[in-house]
Amino acid sequence: MAKRQPSFACQSCGAVYNRWKGKCEACGGWNTIVEETASANPMVGPVATRPSRAKGRIFPLEGLSGEAKEAPRTPSGIAELDRVTGGGFVHGSVILLGGDPGIGKSTLLMQASAALANRGQRVAYISGEEAVAQVRLRAERLGLGQSSVELASETNVEDIVATLSQGRPPALAIIDSIQTMWTETVESAPGTVTQVRGSAQALIRFAKTTGTAVILVGHVTKDGQIAGPRVVEHMVDAVVSFEGDTGHHFRILRAVKNRFGPTDEIGVFEMSDQGLREVPNPSELFLAGRDLATPGTAVFAGMEGTRPLLVEIQALVAPSSLGTPRRAVVGWDPNRLSMILAVLEAHGGLRLGMHDVYLNVAGGLRITEPAADLAAAAALVSSLSGSSLPPDTVYFGEMGLSGAIRPVAQAEARLKEAAKLGFSGAVAPAARVDKTKKERLPLAASSIGHITDLVAGIASRRRSA
């Protein structure tokens, strides 16, 4: 029998080397390479070089035309969670849930488990990090102690699959977390790349053969990425991120990947002493406590998936005594802020080189879409000039390097959300406010085509004041 050779695998990206290195050449991580013994099992070990004598099975091919059936789903009973998953848990699907420690992942899953169990569904909660008594204490604290959720504290994947296969297949099985699981077919420590990949593959096979929806909880690294090999994210059907700031009471559930529903969809929750509470109208939450008369604040009408969302963008521009002024941003892309400042100086006639610039998205929400360029620029110009913006006006539009304001998608949905919350005006790109649509717009929208129009409009308000 051939001698098994040790291999070295990077715990961040999964790259394999034949000797130890201090730095991974694939991802650039330091001290992430760990020795792992190659398995003798051909299912998880190296690919055999000897050709197979067995002939392949011929299977039929089908065309694109035909009846497309909707995948059967099991609603969780939590509207915000169902929104992110696309309407509920698809039978046989596997979801990878990531989030910072203490953000509320276990709380959310416990509430979803209890909601399903109360409707007569079989739900299994397998914890690899906590004892059964700790899980029970959390359930009692949330008022869910009487729910018929099956609990266990186990880390061996083979034992978990054998136990869940007894009797009626569960409608939902939760594995908390995948980094603590280990399989006997892999000779590595729990949490290594090989063990995480092997354990995930065994659980995915169980989900596909029994129709059980499986949720895998994943740890995250210090930069917010799900720990372990990226191949696990490709193996599962959906990747969901649970985000939030410990200094704020709201949490955001964001779909990063979803084979059975829309991506970039969000669900908003509020953390309370009774657990997570759904927020059906998050715009009111993010705009609560807004100071209407302070310069440097603008309301951005954004989109998160299919949901319009209004959020306040705050800016502070102050003279600097340093040779290199500060540039600080929270909740937005710093490179995007640098571009906006350069455009304002080059095409807007503003002098920001001797000023410190601070930009903040109120409430702790992180914005990624470029439609926030116009709102951020309006807040910066307002803070520099000392002129407050109209409190009943929203802003959205993408800014080009030439200073032109480019149109963005779903403008009517943004305006309808603003009108629903009592806003009466909007500043939007000119291409979205034409004569054919003005009659259908729910509020008065002012068109803007260049950044100079924005600077001149805010300057005129200061002179009139």
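A search of the whole structure finds zero disulfides, a disulfide being a pair of cysteine sulfur atoms within 2.5 Å. Cys10, for example, is in no disulfide, and the nearest cysteine sulfur, that of Cys24, lies 3.6 Å away. Cys10 counts as buried because its relative accessibility is 0%. Cys24 is buried too, at a relative accessible area of 1%. Here buried means under 20% relative accessible area, exposed over 50%, and partly exposed in between, with a 1.4 Å probe and protein chains only.

The model is predicted: local features need pLDDT of at least 70 and side-chain atom pairs count only at pLDDT 80 or more, while totals for chains, interfaces and linings use all residues. Residues are numbered from 1 along each chain as its sequence is written, and side-chain values use heavy atoms, with hydrogens and water left out.

Next come two helix pairs. Helices (H or I, at least four residues) and strands (E, at least two) are DSSP runs, numbered from the N terminus. Axes are lines fitted to C-alpha atoms, for helices over the stretch in contact, and angles run from 0 to 180 degrees between N-to-C directions.

The axes of helix 4 (residues 157-164) and helix 5 (residues 193-210) cross at roughly 10 degrees and come within 10 Å. Helix 4 and helix 5 are therefore roughly parallel to each other; angles under 35 degrees count as roughly parallel, over 145 as roughly antiparallel, 65 to 115 as roughly perpendicular and the rest as oblique. Val157, Val161 and Leu164 of helix 4 make the contact with Ser199, Ala202, Leu203 and Phe206 of helix 5, where contact means heavy atoms within 4.5 Å. By class, this contact has six nonpolar, one polar and no charged residues. Ala, Val, Leu, Ile, Met, Phe, Trp, Tyr, Cys and Pro count as nonpolar, Asp, Glu, Lys and Arg as charged, and the others, Gly among them, as polar.

Helix 8 (residues 334-346) packs against helix 9 (residues 373-385) at an angle of about 60 degrees, with the axes 10 Å apart. That angle makes helix 8 oblique to helix 9. In the contact of helix 8 with helix 9 there are eight nonpolar, no polar and two charged residues. Arg336 and Leu344 are among the residues of helix 8 that take part, and Asp373 is one of those in helix 9.

Strand 12 (residues 250-258) contains Ile252, which is buried at 4% relative accessibility. Leaving out residues up to four places away in sequence, Ile252 touches Ser241, Phe242, Glu243, Ile266, Gly267, Phe286 and Leu365.
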